Amino acid sequence: MDKPCTLLVHFDKGSAAMANEIKADLEGSDVAAKVEAMKRAVMLLLNGETLPTLFITIVRYVLPSEDHTIQKLLLLYLEIIDKRDSAGRGLPEMILICQNLRNNLQHPNEYIRGVTLRFLCRLSEPEVLEPLVPSILENLEHRHHFIRRHALSAISSIYRLPHGDQLIPDAPELVERALSSEQDASARRNAFLMLCLCGQERAVAYLFSNAERVTEWPDLLQMAVVDLIRKVCRSPNRADKGRYIKIIISLLSSPSTAVVYECAGAIVSLSSAPTAVRAAANTYCQLLSSQSDNNVRLILLDRLNELRTSHRDVMVDVVMDVLRALASPNLDVKRKVLDLVLDLLTPRNVEEVVLYLKKEVVKTQSGELEKGGEYRQMLVQAIHSCAVEYPEVAGSVVHLLMDFLGDTNVAAAVDVVLFVREIIETNPKLRVSMIQRLSDTFYQIRASRVCSIALWILGEYSLSLSEVESAISTIKQCLGDLPFFTVSEEGETTDSSKPAQPMVNSVTVSSRRPVVLADGTYATQSAATEAISTPSVTPGSLASTLNLRSLILSGDFFLAAVVACTLTKLVLRLEEVQPSKVEANKACTGALLVMTSILQLGLSSYLPQPIDNDSYDRIVLCVRLLCNTGDDVRKIWLQSCRQSFAKMLAEKQFRETEEMKAKAQISHAQPDDLIDFYHLKSRRGMSQLELEDEVQDDLKAATGGFTKETDDANRLNRILQLTGFSDPVYAEAFVTVHHYDIVLDVTVINRTKETLQNLCLELATMGDLKLVDRPQNYTLAPESSKQIRASIKVSSTETGVIFGNIVYETSNVMERSVVVLNDIHIDIMDYISPATCADVTFRNMWAEFEWENKVAVNTVIQDEKEFLNHVIKSTNMKCLTPPSALDGECGFLAANLYAKSVFGEDALVNISIEKQVDGKLSGYIRIRSKTQGIALSLGDKITLKQKGGS
């Protein structure tokens, strides 16, 4: 059976020395050899060796030594050897060391006394401790604080033993007397802690008698005071809670950051008064700006986020203080700050927040910041959220952000263009200026996806004659001269946009214009470099404005199809706003020329990859449409697309509003706000803070804030039967899962007529589970029961199994009896919770994660939506696909689900199902995650639950 261990030293067992060698070195007179021998003996004992013959040698040759190192090693040796026999009785030879320990406690050297007192803190044998008590008490009066400090610790440890109050019955009084006269900080802390643990009323009395001087106490003692207040105030109906809160408030001015942090946490747990919460929030913000360690900052942001959930009104006032933490270079800190601030936006502070974020965006342009592109993307997303919630601030930032459409960080540029697309729809007043700015900056865009969205915006929101003409001109300018390539007389395929400079790779603006040949084509230059890769672009060069041409010549025909659609929309709108039919026809002809040139390029052998069928069909459709336009088609192209986008935005906003309403309903216990009449409340000489705290407590009592809702049915589901009813020992476990901890409360019942001795619950784990402590041995009377608690640490969401047995002895049978327990399977559902993420983030994670588990659909459910809802309920995940996308009956369904584990792992699920002719559902459920455990566990869960019967 495992024994408790108070000492741990790394040791390589491969170099273990033999007991005889150690014995020989100990018997010698060489001090250095003795020290090495003692070290080897301690390490061997720690690694499971017994060395039974060594004790007498050490008593004879090591005890008399005056060397301090040897004495220290001797105490470590005595700490780890067995001091009891198999029956639990103390070994008689332990009496041999008592005299030596008494001599050490009276030794003239302070170090020897101190380490001996520290060793006694780890002894639990009353037979050894009893003769030493007078010597320990004498050391309370010693002149050196090192000895007094450890004497107080030793008294505390002895008094807390099972029968310690019989060894030192007046220990609390002695310690209280010592505390009143003590000057050393550590000794005072040890004494105060002893009173907190063993004589709480005395500790409270001492605290109140010195309440005015608490701020002058050393930080060690102040930390002990905070712990005491937390412990005392856990008991309900404390009449003097206001006095404790006053002490905590006074400690917030302590120079120690550790004390200040603990006080802020304590005051929030003690009081809901706005003054107290505001003091805690300001304290956290001060620490956030003064601490440079990123881990500390992340912890502080977590504390502030907890305050936000329960005291949002107070947190709104400190939002600018929180924003200052963006000065941290760490991206995780910046991300947490932005997430926290976005949840604290109000009409009063949104302009100030957006102005600060705007300044941060400008800072990212300098290039001094590490990972500036990623930070800029986070800022753009934050500003986007602000502008969506408060549209009136969009005008102040949208033009600045449009400068980043050509950002080298593609993700940031995509966020900017998505922001522009949403704002231009929701803010009609900004449309004209945004379209003008987009036309002016379009040539800077380098990313294909950004180009596609920007083209869609130009096609949908260019409404006036000047805007339409400007948009058409911009697109043609970015496409360059047509056609995209020609075949020269030598049969060489060339790019028609470049003048004849065969030795130059990058083309610069030249005063010599390209020569037009007799057949209408231009003079040519080899385009092998551009066909293979995009050439280097310098600002002001000819190629720097031909972004569309470069992307299309690199084989991006999806973008080419978007260009064709945009030109089609612009030409159709031009026909409506242009009074001159000649100009409209000229624009139509130009658009057709562009489309036919794209088709010619796609069908040629100039590019390694030909045009894909989808893009080809799309461009041909545009060509046909411009050649033969009907009113219905015109309505679809000019109105329906924009209406669909507006509907999508409206639905997104509605969904977010519903979620906010649902959260609001959860957070409030009653529909009406209670009016507090301070004048009717008995003050009894209370301060304003105490009065606020009383009112908040009354509110909590009235609204059910102090009562915890417990679902008895759910509690019963967590009770697992571990043994059978016919077993001599019946056991059942109640499993409580709390994030990283699993607590097993095992009830063991002796069903026999005999006393069971040394009954032990032996547990083992499989998977990422670790047993924290081994349950001890018990003696169980006939037909009696015992509650045994075991704690288990969890490190991942991988499905874990706990197994074991109950071992016991009876008086009749000498052998130990064993009852094997049922296995306990830890459910993954305890660790994952529904979460949301953007579609772009979902797709990026889906492409990035390497573990995939593919589960075939096998169910009796015949309705697609019913099956989807069943999977959502079974897996505790959130459906990211909007309800509108799942409407209708079409025989198939595809949806994305997302959840996050308490360990920060992401779980992605894609369901693709189809209804067969016979009415059954078929398809696959694919699970992806970064780690193998969550993918396999979720797959097993879905396989088990998907049938629909359970």
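Author: Let's start with a definition: two strands count as a pair if DSSP finds at least two bridges between them. Keep in mind that we are looking at a predicted model.

Reader: Okay, which residue in β10 does L771 stand opposite?

Author: Start with the strands themselves. Strand β8, residues 769-771, runs antiparallel to β10, and 3 bridges join the two. That clears the cut-off of at least two bridges. Within this pairing, L771 sits across from I792 of β10.

Reader: Which strand pairs with β10 over 9 bridges?

Author: That's β6, residues 741-750, which lines up with β10, residues 785-794, again in the antiparallel sense. For a landmark here, find D745 and look across to R789 in β10.

Reader: Let's move to helices. How do I read the way two of them pack, say at what angle α14 and α15 cross?

Author: You compare their axes, taking each helix from its N to its C end. For α14 (residues 219-233) and α15 (residues 241-251), the axes come within 11 Å and cross at roughly 150°. Angles over 145 degrees count as roughly antiparallel, so that is how α14 and α15 are described. The crossing of α14 over α15 is left-handed.

Reader: Which residues of α14 and α15 meet there?

Author: From α14 you have Q222, V225, V226, I229, V232 and C233, and from α15 come K241, Y244, I247, I248 and L251. Sorted by class, this contact has 9 nonpolar, 1 polar and 1 charged residues. As for the spacing, an α-helix has 3.6 residues a turn, so residues three or four places apart point the same way.

Reader: And burial? Is T57 buried or exposed?

Author: Burial means a relative accessible area under 20%. T57 has 5% relative accessibility, so this residue counts as buried. You'll find T57 in helix α3, residues 54-61. Leaving aside residues up to four places away in sequence, T57 touches K23, L26, E27 and V62.

Reader: Which residues are buried in α5?

Author: In that helix, residues 95-105, the buried ones are I97, C98, N100, L101, N104 and L105. Their cover includes α3, where T57 sits, along with α4 (68-80), α6 (110-120), α7 (126-129) and α8 (133-138).

Reader: Now zoom out. How many helices and strands does the protein have?

Author: There are 39 helices and 19 strands. The protein has 950 residues, and 46% of them count as buried. Take the contacts between residues at least 6 apart in sequence: 65% of these join residues at least 24 apart.

Methods. Residues numbered from 1 in each chain as written. Predicted model: local features only at pLDDT ≥ 70, side-chain atom pairs only at ≥ 80, totals over all residues. Heavy atoms only, no water. Helix = DSSP H or I, 4+ residues; strand = E, 2+ residues; numbered from the N terminus. Buried < 20%, exposed > 50% of the residue type's maximum accessible area, 1.4 Å probe, protein only. Contact = heavy atoms within 4.5 Å. Axes fitted to C-alpha atoms, helices over the stretch in contact; angles between N-to-C directions. Parallel < 35°, antiparallel > 145°, perpendicular 65-115°, else oblique. Left-handed = near helix turned anticlockwise from the far one by under 90°. Nonpolar A, V, L, I, M, F, W, Y, C, P; charged D, E, K, R; others polar.
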